[in-house]
Amino acid sequence: MKKYLFVVVALLALVGQANAQRCLPGMRGVELRGGFVDGVQKPVNYYFGVGLSTYTKNGNRWVFGAEYLNKQYEYKDLQIPKAQFTAEGGYYLKVLSDASKTFFLSLGGSALAGYETSRWGDKLLPDGATLRNKDSFIYGGAVTLELETYLSDKVVLLLNARERAVWGSSIGHFHLTFGAGIKFIIN
């Protein structure tokens, strides 16, 4: 019997952490994420970001991060860029998971604050027209539905859909984003 126990322990040591060691309180992960804003369309409106996740009890987690969002607006034959830089802090509740702790579905709420700029501050267009909207500070929140799937004990694939509600913006209050990301568990 001791021989079999030794083999099992040796295999676990070679493979890495056991599945039961996922999402423990205090575990942290670094996230890289990106995707599309308000659907896949031409011109491409996109976002990307970086974040830090800290797990709490029951697979719930705190998420802190920063995002860059870019939307293009058509004016005659020009594309006018609007960019948002936001910082985020939020809490995600685990809604569903499988017994092997490979898949997690979470629902999260976040507070957002940042800065928005139109055409990087250059308000005069080539045809002589002037943009009237100003660069501004923005604030609001987001609701996120996120699926995490563990590719290994230290690498997690993320798929998410998020509705952002931001005030102070001249490009509208609500934006639906969806995308993918990867999380590296660092401890």
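**View 1. Lys42 in the loop between strand 1 and strand 2.** Lys42 counts as exposed, at 77% relative accessibility, where exposed means over 50% relative accessible area, buried under 20% and partly exposed in between, computed with a 1.4 Å probe and protein chains only. The residue is found in the loop between strand 1 and strand 2, strands being DSSP runs of E with at least two residues, numbered from the N terminus. Lys42 and Gln72 are 30 residues apart in sequence, and their C-alpha atoms are 8.9 Å apart in space. The model shown here and in the other views is predicted, so that local features need pLDDT of at least 70 and side-chain atom pairs count only at pLDDT 80 or more, whereas totals for chains, interfaces and linings use all residues. Residues are numbered from 1 along each chain as its sequence is written, and side-chain values use heavy atoms, with hydrogens and water left out.

View 2. In the order 1-2-3-4-5-6-7-8, 8 strands close into a barrel with antiparallel pairing, two strands being counted as paired if DSSP finds at least two bridges between them. Neighbouring strands of this sheet are turned against each other by 25° on average, direction ignored; the axes behind this angle are lines fitted to C-alpha atoms, and angles run from 0 to 180 degrees between N-to-C directions. Strand 2 pairs with strand 3 (residues 61-75) in the antiparallel sense over 10 bridges, and Tyr47 has Leu69 in strand 3 as its bridge partner.

**View 3. Two hairpins that share strand 7.** Strand 6 (residues 136-150) and strand 7 (residues 155-167) run antiparallel and are joined by 12 bridges, with Ala142 standing opposite Arg164 of strand 7. These two strands form a hairpin with 4 residues between them. Strand 7 is also joined by 11 bridges to strand 8 (residues 174-185), again running antiparallel, and here Asn160 has Gly179 of strand 8 as its bridge partner. The hairpin of strand 7 and strand 8 has 6 residues between the strands, and Gly168 in its turn has a positive phi of about 90°.

View 4. The structure holds 12 salt bridges, each being a side-chain nitrogen of Lys or Arg within 4 Å of a carboxyl oxygen of Asp or Glu. Arg33 forms a salt bridge with Glu88, with the closest N and O atoms 3.2 Å apart; Arg33 lies in strand 1 and Glu88 in strand 4 (residues 78-97), so the pair ties together parts that are 55 residues apart in sequence. Arg33 is buried, with a relative accessible area of 9%, and Glu88 is buried at 6%. A salt bridge also joins the side chains of Glu67 and Arg164 (3.1 Å, N to O), linking strand 3 to strand 7 across 97 residues. Glu67 counts as buried at 7% relative accessibility, and Arg164 is buried with a relative accessible area of 1%. Arg33, Glu88, Glu67 and Arg164 are among the residues linked in a network of salt bridges, which also includes Glu146, Glu148 and Arg162.

View 5. The structure holds 10 aromatic pairs, in which rings of Phe, Tyr and Trp (its six-membered ring) have centres within 6.5 Å, with planes under 30 degrees apart counted as stacked, over 60 as edge-to-face and the rest as tilted. The ring centres of Trp62 and Phe64 are 6.2 Å apart with planes at 10°, so the pair is stacked; Trp62 counts as partly exposed at 39% relative accessibility, and Phe64 counts as partly exposed at 45%. Tyr115 and Phe137 have ring centres 5.2 Å apart and planes at 70°, so this pair is edge-to-face. Tyr115 lies in strand 5 (residues 103-118) and Phe137 in strand 6, so the pair ties together parts that are 22 residues apart in sequence. Tyr115 counts as partly exposed at 32% relative accessibility, whereas Phe137 counts as exposed at 65%. Tyr46, Phe48, Tyr68 and Phe85 form one aromatic cluster.

**View 6. A nonpolar surface patch.** Val30, Leu32, Val50, Leu52, Phe184 and Ile186 make a nonpolar surface patch of about 460 Å². Patches are made of residues with over 30% relative accessible area and no salt bridge, like charges being joined within 9 Å and nonpolar side chains (Val, Leu, Ile, Met, Phe, Trp, Tyr) within 5 Å, and accessible areas come from the Shrake-Rupley method with a 1.4 Å probe, where for residues only the protein chains shown count as cover. Strand 1 (28-37) and strand 2 (46-55) each supply at least two residues of the nonpolar patch. Val50, found in strand 2, is partly exposed, with a relative accessible area of 40%.
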